[in-house]
Amino acid sequence: MKKKWIGMLALVGLAAAIFLFQNRPFSSDKSKLTTLSESDSIPEAVAPDRFLYGIDVTGLNIIEGTVNKNQTLASILSPFNVPYQIIDAIAKKSKEVFDVRGIATNKKFTVLTSGDSVPARFFIYEPNPAEYVVFDLDSLEIYKAEKPAEYRTREAAGMIETSLYVDMIKQGIGPDLIDLFADLYGWSVDFQRLQKGDKFKVQFEEKLIDGEVVGITDIKLAYFEHMGEPYHAIPFEQNGELNFFDQHGESLKKAFLRDPLKYSRISSRYSLRRFHPVQKRYKAHLGTDYAAPTGTDIRSVGDGTVVEARYTSANGNYVKIKHNGTYTTQYLHMSKIGKGIKPGTRVRQGQVIGYVGSTGLATGPHLCFRFWKNGRQEDWLKEKIPPSEPILPQNRMAFEDKKAEALKLLAAILVPGENQELIAQKQEILPQRSGE
């Protein structure tokens, strides 16, 4: 009996030893674990360094605000004990980076200080959601930087009830994307003559700063249907350049933009007999008028060289551009001519060359756009500009694969209120040209 108890105690002791061995504090070169007694306390975590606008703000006070009406750099910084001499030096030095006279109402600013009575150390101003200007009040260094951006792909679709602009806005599409869309289809679709029931689909990329959309980077894929006729915009890289092509492989890109203004209203067309609103008589109007607010950007429709940039009593401020041996364009009634635009200046397609106004013989703000072909003025809206190179034979198979992929993506983008089954059929079964 005694031996039995001794054996049982030995087994219990062995089990206890194994338990203590498995649960003992373990240490090695790779991992060191310690235990704390009740009298020990957990040390406070050291706050990691924080960065704001690329500045280490550990230990600094961060004061954020918005510019009030009539506030200046001096009136913003004076309450932070910044001497006037420093403010004056910063204002003079910053002109090449950012002219402080451009500080505007309701724009955000941030001031960084070391203490309540110590002069501020940094002033950061945000002229727009994507950029900021840092004024180092200690070293008097000034520099501009961009905020970190993220990008996301979005899709939108809709049906025309009123106009391209109004109906795209209803679908949450902003003016920037509308302009890109109108330029993309400028030579394929007359957006001044759309029909109720026309449809659009578009896949695009947005740029976001601090979670807010600040712009559109580009269109990735598009579709427009006008009076039952489909117009696809399929991206494809050829000869090292990415362009858009229709479903037949024809390029949508032309030598010229469709319009010298971003999406706007045509107020008067080319006519051999039009009643002149100022001269009060019938005469030829050999141009196209675009109604737009004063100050709207006017852009060159194509690459070329400025041959005239001046003022006359009839044309007001105007610019004339020779594009090549065939084509010349002219832009009239500007409020002012663009900076650096003078005879001999080379301009590129889409470059701003001036701003809408009502100088010369004009009753209101608009652009009169004139177009010459082989030295003769022609109706710009009826001109057929040759497209860029179509899909080359050696690229046809790769393009067909890209097209098939694009059609599936477009079929998945739903137009509100439309029979989705029918639209999928229409986009997957495209009419083929004879001989294809």
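Helices here are DSSP runs of H or I at least four residues long, and strands are runs of E at least two long, both numbered from the N terminus.

**Figure 1. The whole chain, as a predicted model.** Counted that way, the chain has 7 helices and 24 strands. There are 436 residues in the chain, and 41% of them count as buried. Now pick out the contacts between residues at least 6 apart in sequence: 62% of these join residues at least 24 apart.

**Figure 2. The open sheet that runs from β8 to β12.** Here you can follow 5 strands in the order β8-β9-β10-β11-β12, paired antiparallel. Which strands stand at the edges? They are β8 (150-159) and β12 (241-245); each has a single partner strand, so one side of each is left without a neighbour in the sheet. Going from one strand to the next, the twist averages 25°. A reminder for reading any sheet: strands pair through backbone hydrogen bonds, either parallel or antiparallel.

**Figure 3. Strands β11 and β12 side by side, with two helices packed on their sheet.** Strand β11 covers residues 229-238, and its antiparallel pairing with β12 takes in 5 bridges. Find proline 235, then look across to β12: its bridge partner there is phenylalanine 244. Helix α5 (residues 175-184) packs on this sheet and touches β9 (199-209), β10 (212-226), β11 and β12. The direction of α5 makes about 35° with that of β10. Helix α6 (residues 396-412) packs on the sheet too, touching β9, β10, β11 and β12. For α6, the direction makes about 130° with that of β11.

**Figure 4. The buried residues of helix α5.** Which residues of α5 are buried? Look for Leu177, Ile178, Asp179, Phe181, Ala182 and Leu184. Their cover includes α4 (164-170), along with β9, β10, β11 and β12.

**Figure 5. The largest pocket and its lining.** The volume of this pocket is about 810 Å³. How many residues line the largest pocket? There are 30, and Leu180, Leu184, Ile219, Leu242 and Phe244 lie nearest its centre. Sorted by kind, the lining has 13 nonpolar, 5 polar and 12 charged residues.

**Figure 6. Another open sheet, from β3 to β7.** The average twist from one strand to the next is 20°. Zoom in on β5 (residues 122-128) and β6 (residues 131-136), which run antiparallel and are joined by 5 bridges. Phenylalanine 123 has phenylalanine 135 in β6 as its bridge partner.

**Figure 7. Strand β18 with its partners β19 and β21.** Strand β18 (residues 304-312) pairs with β19 (residues 316-322) in the antiparallel sense over 7 bridges. A hairpin of 3 residues links β18 to β19. Opposite tyrosine 311 you'll find asparagine 317 in β19. β18 also pairs antiparallel with strand β21 (residues 346-347), over 2 bridges. There, threonine 305 stands opposite arginine 346 in β21.

Note on methods:
Residues numbered from 1 in each chain as written. Predicted model: local features only at pLDDT ≥ 70, side-chain atom pairs only at ≥ 80, totals over all residues. Heavy atoms only, no water. Pairing = 2+ DSSP bridges. Axes fitted to C-alpha atoms, helices over the stretch in contact; angles between N-to-C directions. Contact = heavy atoms within 4.5 Å. 1 Å grid on protein atoms, 1.4 Å probe; cavity = no way out; pocket = protein on both sides within 12 Å on 5 of 7 lines; lining within 4 Å. Points joined across faces, edges and corners; volume = space filled by probe spheres on them. Nonpolar A, V, L, I, M, F, W, Y, C, P; charged D, E, K, R; others polar. Buried < 20%, exposed > 50% of the residue type's maximum accessible area, 1.4 Å probe, protein only.
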